Amino acid sequence: MKNLLYIFIAASVSLFCLHTEKANAQHVSQGTMMIGGGFSFSSIENDNSSNTTTCAFFPGFSYFVGNNVALGMELLYGRSSGPNTTFTSIGVGPLARGYVISGLFGQVQYTWMQDKFESSFGEAKTSESAFAVGVGYTAFLNNSIALEPLVVYSFEDDGNVFSVRVGIQAFLGR
């Protein structure tokens with residue numbers, strides 16, 4: 001049932017994104033390369049007054065296979081730390097992005113991750129995967145450089161995650 005939900009969401013977002021030509025989308029031409037990345041940060045104060053801080057970095061590369069439609073790869077490096085614990089994730093996966101209306105885009109991606117949990121009791125290593133859908137906006141500073149806020153909802157093996165990212169992208173050949 002969970003896989004059917006993923007397939008339905010991916011198909012819905014893909015169809016929505018492929019409708020770009022009729023919707024007066026932000027124009028990014030076929031053949032353009034996008035290189036850049038995003039960053040997210042959170043700090044949580046728990047009930048027992050202990051803080052957990054999480055930082056994640058998402059470098060990536062995409063190629064526009066059609067006008068306003070890109071396929072690419074994204075890396076992930078994330079680290080969470082709290083009292084006597086550290087959690088590190090390293091991942092990689094494909095993504096698809098489509099521009100819809102004047103800089104607004106939808107994005108779907110799948111990520112495979114290696115996780116390492118360290119505490120005063122020892123360490124453990126695991127593998128997991130995540131399917132994510134997101135909506136963002138590309139604000140071009142000039143013809144090649146853009147700032148991008150992105151809201152992402154991830155369906156992960158051990159629970160679902162809502163996050164906000166901020167990134168910068170270089171569009172080569174635009």
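Strands E1 and E2 run antiparallel and are joined by 13 bridges. This is a predicted model. One of the pairings links Gly-37 to its bridge partner in E2, Pro-59. E1 also pairs with E9. Those two strands run antiparallel as well, with seven bridges. There, Met-33 has Leu-172 of E9 as its bridge partner.

The model has one cavity of 30 Å³ or more. The volume of this largest cavity is about 180 Å³. It is lined by 19 residues. Closest to the centre are Gly-37, Glu-74, Arg-97, Glu-148 and Gln-169. E1 (33–45), E2 (51–66), E4 (85–101), E8 (145–156) and E9 (159–172) each give two or more residues. E2 gives the most, with five.

Now turn to the open space. The largest pocket holds about 740 Å³. Its lining takes in 32 residues. Thr-54, Ala-56, Phe-58, Glu-156 and Val-161 are the closest to the pocket centre. At least two lining residues come from each of E1, E2, E3 (69–82), E4, E5 (104–119), E6 (122–137), E8 and E9. Which strand supplies the largest share of the pocket lining? E9 does, with seven residues. By class, the pocket lining divides into 14 nonpolar, twelve polar and six charged residues.

Is Leu-71 buried, partly exposed or exposed? Its relative accessible area is 46%. Buried means under 20% and exposed means over 50%, so Leu-71 counts as partly exposed.

What does Leu-71 touch, leaving aside neighbours within four places in sequence? Its contacts are Ser-62, Tyr-63, Val-65, Leu-95 and Ala-96. Arg-97 lies 26 residues from Leu-71 in sequence. In space, the C-alpha atoms of Leu-71 and Arg-97 are 6.5 Å apart. Arg-97 is also one of the residues closest to the centre of the largest cavity.

Key: Residues are numbered from 1 along each chain as its sequence is written. This is a predicted model: local features need pLDDT of at least 70, side-chain atom pairs count only at pLDDT 80 or more; totals for chains, interfaces and linings use all residues. Side-chain values use heavy atoms; hydrogens and water are left out. On a 1 Å grid over the protein atoms alone, a cavity is a set of points where a 1.4 Å probe fits but cannot get out, and a pocket is an open set with protein on both sides within 12 Å along at least five of seven lines; lining residues have an atom within 4 Å of a point. Grid points are joined across faces, edges and corners, and a volume is the space filled by probe spheres set on the points. Helices (H or I, at least four residues) and strands (E, at least two) are DSSP runs, numbered from the N terminus. Ala, Val, Leu, Ile, Met, Phe, Trp, Tyr, Cys and Pro count as nonpolar, Asp, Glu, Lys and Arg as charged, and the others, Gly among them, as polar. Two strands pair if DSSP finds at least two bridges between them. Buried means under 20% relative accessible area, exposed over 50%, partly exposed in between (1.4 Å probe, protein chains only). Contact means heavy atoms within 4.5 Å.
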